Amino acid sequence: MKYIDLHCDTLYKSVTQNIPIDSSDMEVKPVLEGDTRLQCYAIWLPDDFGGDRAEELFFEASQRIVSECNFSKINLIRSFRNLEKTLQYGNNAVFTVENGLALNGKIENVRKFSELGVRIMTLTWNAHNHIGDGADVKNAMGLTEFGRLAVNEMEKYKIIVDISHASDKLFYDVAEIANKPFIATHSNSRKIAEHRRNLTDEQFKVIIDRGGIVGLNFHNAFLSNNPDKASAVDLLKHTEHFLSLGGENHLCVGSDFDGCDLPDDIKNSDSIATIYEMFLKNNYKEELLEKIFFKNALNFFENFDNLQ
């Protein structure tokens with residue numbers, strides 16, 4: 001099968017633990033024989049880092065992903081133009097950032113990040129940073145003035161704005177000023193699992209009305225109101241709800257491998273095939289599954305790079 005995963009934290013573990021990106025200790029395993037995968041590898045910057053430390057870790061990660069991809073013969077994608085033709089059999093990678101704290105309040109870093117191959121940046125994690133307020137901030141104030149500048153610069157340099165982890169106020173500030181589609185790489189439905197990190201129905205509709213995409217997250221607390229009992233079946237519930245809101249051409253996968261607590265029946269990236277079969281057994285047509293697992297993200301990426 002062909003599939004695209006919008007988010008994992010494997011790169012963070014590789015950098016901070018100094019282990020290969022394709023180590024057997026990772027949840028993102030080498031691609032299965034016969035599959036073609038495009039994996040978005042995020043460097044996560046914890047909220048308790050200072051800006052200087054976050055910036056330093058980002059630049060370390062920018063070197064690490066190049067060396068790891070070269071060593072492991074992973075095709076590192078820098079442009080989404082003609083992406084389907086660019087994808088190689090086996091494993092392909094996209095460099096992303098989780099937490100705009102990495103910018104360290106320096107607007108010139110947006111251009112630098114773009115030049116280093118960053119294609120997606122999650123604006124916040126759960127706390128406040130230079131860009132604005134994350135999902136855990138009480139009485140959130142949304143985007144800062146720097147954050148507004150950063151969104152504009154990201155659009156200028158073709159870094160996709162990701163609002164996973166955003167506070168509701170920040171989400172709507174982005175919706176107000178964004179000129180290009182924005183996305184949620186790893187967020188589920190708040191209607192199904194009442195977690196602040198999940199999207200409301202209105203937020204999901206805003207994203208798809210703007211032409212964006214949303215990646216289904218495998219974290220147990222985002223799948224179910226009873227995280228200890230979460231399972232892959234909960235993915236069906238979120239999928240069915242998002243489809244009922246018009247998400248057929250916008251719903252994707254954003255696993256959060258190597259950065260979340262997985263349900264017992266999802267072990268690692270080798271489980272993707274099992275999840276796909278689960279959908280088939282629940283009367284999902286292959287045409288629709290091809291969209292969710294591959295085509296929707298592919299089309300979005302290719303279209304994004306053609307935007308002026």
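Predicted model: local features only at pLDDT ≥ 70, side-chain atom pairs only at ≥ 80, totals over all residues.
Figure 1. The patch lies on the surface and gathers Glu277, Glu286, Glu287 and Glu290. Of these, glutamate 286 has its place in helix H11. Is glutamate 286 buried or exposed? Its relative accessible area is 53%, and because the cut-off for exposed is over 50%, glutamate 286 counts as exposed.

Figure 2. Asparagine 282 sits in the loop that runs between helix H10 (272-281) and H11. With a relative accessible area of 38%, asparagine 282 is partly exposed. Leucine 236 is 46 residues away from asparagine 282 in sequence. In space, the C-alpha atoms of asparagine 282 and leucine 236 are 8.5 Å apart.

**Figure 3. The whole chain.** The chain contains 11 helices and 8 strands. Its radius of gyration is 18 Å, close to the 19 Å that the globule rule gives for 308 residues, so the chain is as compact as a globular protein of that length. Along the principal axes, the C-alpha atoms fill a box of roughly 50 × 45 × 40 Å. Of the 308 residues, 62% count as buried.

**Figure 4. Two lysines with positive phi.** Lysine 73 is a residue other than glycine, and its phi has a positive value near 55°. Lysine 73 is placed in the loop between helix H2 (51-72) and strand E3 (75-76). The relative accessibility of lysine 73 is 76%, so this residue counts as exposed. Lysine 158 is not a glycine either, and its phi is positive at about 60°. Lysine 158 is found in the loop between helix H5 (145-156) and strand E6 (160-162). At 25% relative accessibility, lysine 158 counts as partly exposed.

**Figure 5. A salt bridge between lysine 13 and aspartate 258.** Side chains of opposite charge can pair when their charged atoms come close. A search of the whole structure finds 11 salt bridges. One of them joins aspartate 258 to lysine 13, with the closest N and O atoms 3.0 Å apart. Aspartate 258 lies in the loop between strand E8 (251-253) and H10, and lysine 13 lies in helix H1 (residues 10-17), so the pair ties together parts that are 245 residues apart in sequence. Aspartate 258 is buried, with a relative accessible area of 9%. Lysine 13 is also buried, with a relative accessible area of 17%.

Figure 6. Glutamate 68 and arginine 64 meet through their side chains in a salt bridge of 3.5 Å, N to O. How many residues apart are the two in helix H2? They are 4 residues apart, so about one helical turn separates glutamate 68 from arginine 64. Glutamate 68 is buried at a relative accessible area of 9%. Arginine 64 is buried at a relative accessible area of 16%.

**Figure 7. A salt bridge between arginine 190 and aspartate 168.** The closest N and O atoms of arginine 190 and aspartate 168 are 2.9 Å apart, and the two residues form a salt bridge. Arginine 190 lies in the loop between helix H6 (168-177) and helix H7 (201-209), while aspartate 168 lies in helix H6, so the pair ties together parts that are 22 residues apart in sequence. Aspartate 168 counts as partly exposed, at 33% relative accessibility.

Note on methods: Residues numbered from 1 in each chain as written. Heavy atoms only, no water. Patch = residues over 30% accessible without salt bridge, like charges linked within 9 Å, V, L, I, M, F, W, Y side chains within 5 Å. Areas by Shrake-Rupley, 256 points an atom, 1.4 Å probe, with all protein chains shown as cover. Salt bridge = Lys/Arg side-chain N within 4 Å of Asp/Glu carboxyl O. Lys, Arg positive; Asp, Glu negative; His and termini not counted. Charge placed at Lys NZ, Arg CZ, Asp CG, Glu CD. Buried < 20%, exposed > 50% of the residue type's maximum accessible area, 1.4 Å probe, protein only. Rg over C-alpha atoms; globule rule 2.2 N^0.38 Å.
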